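Hi,

Here is the structure I promised to pass on to you.

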Amino acid sequence: MAEAKLERILVLGIGNILWADEGFGVRVVEEFHRRYAVPDNVTILDGGTQGLYLVNYVEEADGLIVFDAIDYGLAPGELKLVRDDEVPRFTGAKKMSLHQTGFQEVLSAADLLGRYPQRLALIGCQPLDLEDWGGPLTAPVRAQIAPAIELACAVLAEWGVSAVLRPEPLAGDARLLANDLDHASYELHVDPAE
Amino acid sequence: MGIQTPNGFNLDNSGKRVVVDPLTRIEGHLRVEVNVDSNNVIRNAVSTGTMWRGIETILRNRDPRDAWAFTERICGVCTGTHALTSVRAVENALGIMIPDNANSIRNIMQLCLQVHDHLVHFYHLHALDWVDVVSALKADPKATSALAQSISDWPLSSPGYFKDLQIRLTKFVESGQLGPFKNAYWGHAAYKLPPEANLMAVAHYLEALDFQKEIVKIHTIYGGKNPHPNWLVGGVPCAVNVDGTGAVGAINMERLNLVSSIIDRSIEFVQKVYLPDVVAIGSFYKDWLYGGGLSGKSVMSYGDIPENANDYSARNLKLPRGVILNGNLNEVLPIDHGDPEQIQEFVTHSWYKYPDESKGLHPWDGVTEPNYQLGPNAKGTKTDIKELDEGGKYSWIKAPRWRGNAVEVGPLARYIIGYAQNRPEFKEPTDKLLKTLNLPMTALFSTLGRTAARALECDWAATQMRYFQDKLVARIKAGDSSTANVEKWKPEGWPKEAKGYGFTEAPRGALAHWIKIKDTKIDNYQCVVPTTWNGSPRDPKGNIGAFEASLMDTPMADPEKPLEILRTIHSFDPCLACSTHVMSPDGQEMATVKVR
């Protein structure tokens, strides 16, 4: 059984929490971690906007689930799941900055190193607003956090892993994001775009 | 119609306009527009960009002790260096002293970031401006091996190694439209390396990709976690327990030894792979000494890496501190971050509003009020700019100036200042490199010089990591395990109002944060980042910024394929607002080019 060989699974959220809907991926893993317990072979990671720093996490994974804000040209808040070879990977030599080292390059790097995850699921959400610096998630995107988690649980189940609902969501210090950056504290001090 | 700028550049915007605009979802970004004359030589340059529009909107009323965690999120590349700058600013405002071990660990973290960033910048952003991947497919593996062995005793250099690599590379390229290496200007006339040098460089591209993962483990060990290491006002958050039976996550001898071994391997990789590659590649581009811009005139470095804890004066900093103006290498001027007359930001050509825009504002009094309007000669609309009007407002980046002067920051600036101060650790490697390439000192003031200084600094930084690691271990062995000072941790004893600043030398240049604290909360917070200096637009007097200056007078082989522009802009290791990871359904072009 292929499932039995799946040893390492990485559940990764990427994006910049300071740019409104850009924060979607990170907020999903934060909430997933807060509400669900996972077995030891599963790592839940807030990847932020880190580029090549993430290569070692990705290459160690046999199965990879990624949450991100993705522009598919859909209605704001629409979720889309793509898998395996449907997930694009490339190295953009024409980029202007190292800061454009996107996740596609991280995947490309893992591929070049010959250590690409066997299974890959990308759960993307169509953003409404990526330009509101310092802003919160918009309502249609925020509403997709729970459905995105459900989708990930279904994928994990398919891979033979069960995420178990915690009796109580994790409290303050035990959460993935601290220092006032957790979703609730962050949004206490931000105003949505006008 | 030419104009001479006060900082000595002759601008002529009468020729064809070339627009290079990265395709990202955030409007503005780093975009370059140039005018070329009938020989395709750049005679006018305009750079515009999106930086964050004021961190103060997010930080106001928050706890100053959490500011580092927010600033760490500004950027996915400069993560730790923003956090370090932030804790220094808070410590400066509140008069908090850190223990010596914390100083050593912070230095190691910062140097580690330098080593990692320089290496990754060279191989994964910049090398492809000089190295033609497709040409590597034509290389003779035996000749490649001979070349590699002639420049270094790095063991991965056999004909079989390069042969295998070439087969792998061919497979990638054949996987469809050049596979991972799509979207580049392969075959461009500005590529000068023979196929063998290209193959060797591609091999090292892959080796560096693999090795960089080792370097960042140092951040995980001292920062407690990665990719977002923990920092602490008053010291560092990791406890030291050499017996290794204490708190979970404490630094024990095993971890110290792991750091030590990573440092040794980093030094080896930089000295046996990175430096020889830069020399080898440089030797084929000796006649391409464009891109100097401001570097031969005005450069600035805040300095960093304090030898002793809590002393940020020039004599205690291992990276040079000071300013050189108008090419006068005989005088390095002192910087005071707290002097309202020195560092000021102007917005005459930036999309912000000041009460009086002929004047600059010191960051403590900084204002970030947007005012998005195009100049009268701009083409297109506010949502779809075809051509900017540099006579009006044209960038989201403010124009910082030191006593009214535009300056370049970054590794080259640091090396020029260290050189001018006759510091042997900067002067000797520079002279040696110039001698190897048989180039005069003035050749430093170029794109290639910027690239070479970064490589030299990577070596310096790796060696300094060794120094501070040894210092740390010696102190711990002598019985000092203190890593944090929590005396003033509780806000009860803080003054009602306080202000401070913190500075570092980020891999890409001078970085500083300014903070005002009121009633224990953040009242104002301003960051002036390296790319604000380098990517700055014009100021009220018409001085152009470092990116703009660096593009002047560069000949382009083909304006439709602006490899020369990318090469020079890349040499600064520019920073953009980091929200660019957003994926596109298919491998998107990373830049559009329009010639009008």
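Below is what I found, sorted by region.

Before anything else, please keep in mind that this is a predicted model.

**The five-stranded sheet in chain A**

Chain A holds an open sheet of five strands with mixed pairing, in the order β3-β1-β4-β6-β5. At its edges are β3 and β5 (79-83) of chain A, each of which pairs on one side only. From one strand to the next the twist averages 15 degrees.

Strand β4 (residues 63-69) of chain A runs parallel to strand β6 (residues 119-125) of chain A, and seven bridges join them. A:Ala69 has A:Cys125 as its bridge partner in β6(A). Two helices pack on this sheet. Helix α2 (residues 24-35) of chain A touches β1, β3, β4 and β6 of chain A, and its direction makes about 130 degrees with that of β1(A). Helix α6 (residues 145-158) of chain A touches β1, β4, β5 and β6 of chain A, with a direction at about 170 degrees to that of β6(A).

The other pairing is between strand β1 (residues 9-14) of chain A and β3(A), which run parallel and are joined by six bridges. How much of strand β3 (residues 42-48) of chain A is buried? The strand is mostly covered, with six of its seven residues buried, although β3 of chain A is an edge strand.

As general background, nonpolar side chains tend to be buried together in soluble globular proteins. In this model the largest nonpolar core has 213 residues, and the members that touch the most others are A:Val11, A:Val29, A:Val58, B:Val115 and B:Tyr274. Helix α13 (residues 447-477) of chain B supplies the largest share of this core, 13 residues.

Which residues does A:Val58 contact, once its neighbours within four places in sequence are left aside? They are A:Leu10, A:Leu64, A:Val106, A:Leu107, A:Ala110 and A:Pro117. Another core lies apart from the largest one; it has seven residues, among them B:Phe346, B:Val347, B:Tyr352 and B:Trp396.

**A helix pair in chain B**

Helix α7 (residues 159-174) and helix α8 (residues 195-215) of chain B pack at an angle of about 80 degrees, and their axes are 10 Å apart. That angle makes α7(B) roughly perpendicular to α8(B). On the α7(B) side the contact is made by B:Phe162, B:Leu165, B:Gln166 and B:Leu169, and on the α8(B) side by B:Leu199, B:Val202 and B:Ala203. Sorted by class, the contact has six nonpolar residues, one polar residue and no charged ones.

B:Leu206 also sits in helix α8 of chain B. Is B:Leu206 buried or partly exposed? B:Leu206 has 17 other C-beta atoms within 10 Å, so it counts as partly exposed. Its C-alpha atom is separated by 9.5 Å from that of B:Leu165, 41 residues apart from it along the chain.

**The three-stranded sheet in chain B**

Chain B has an open sheet of three strands, ordered β14-β15-β16, with antiparallel pairing. Because β14 (497-506) and β16 (521-528) of chain B stand at the edges with a single partner strand each, one side of each is left without a neighbour in the sheet. The twist averages 15 degrees from one strand to the next.

Strand β15 (residues 509-518) of chain B is joined to β16(B) by seven bridges, and the two run antiparallel. B:Lys518 stands opposite B:Lys521 in β16(B). Helix α3 (residues 79-94) of chain B lies across β14 and β15 of chain B, at about 145 degrees to β14(B).

**Two backbone angles to look at**

A:Asp180 has a phi of about 75 degrees and lies in the loop between β7 (164-165) and α7 (183-188) of chain A. In B:Asn310 phi is near 70 degrees, and this residue is found in the loop between β7 (304-306) and β8 (317-319) of chain B. A:Asp180 is partly exposed, having 18 other C-beta atoms within 10 Å. B:Asn310 is partly exposed too, with 18 other C-beta atoms within 10 Å.

Definitions and conventions
Residues numbered from 1 in each chain as written. Chains lettered and ligands numbered in written order. Pairing = 2+ DSSP bridges. Helix = DSSP H or I, 4+ residues; strand = E, 2+ residues; numbered from the N terminus. Axes fitted to C-alpha atoms, helices over the stretch in contact; angles between N-to-C directions. Contact = placed C-beta atoms within 7 Å. Buried ≥ 20, exposed ≤ 12 C-beta atoms within 10 Å, placed from the backbone. Parallel < 35°, antiparallel > 145°, perpendicular 65-115°, else oblique. Nonpolar A, V, L, I, M, F, W, Y, C, P; charged D, E, K, R; others polar. Core = buried A, V, L, I, M, F, W, Y, C linked by C-beta atoms within 7 Å.
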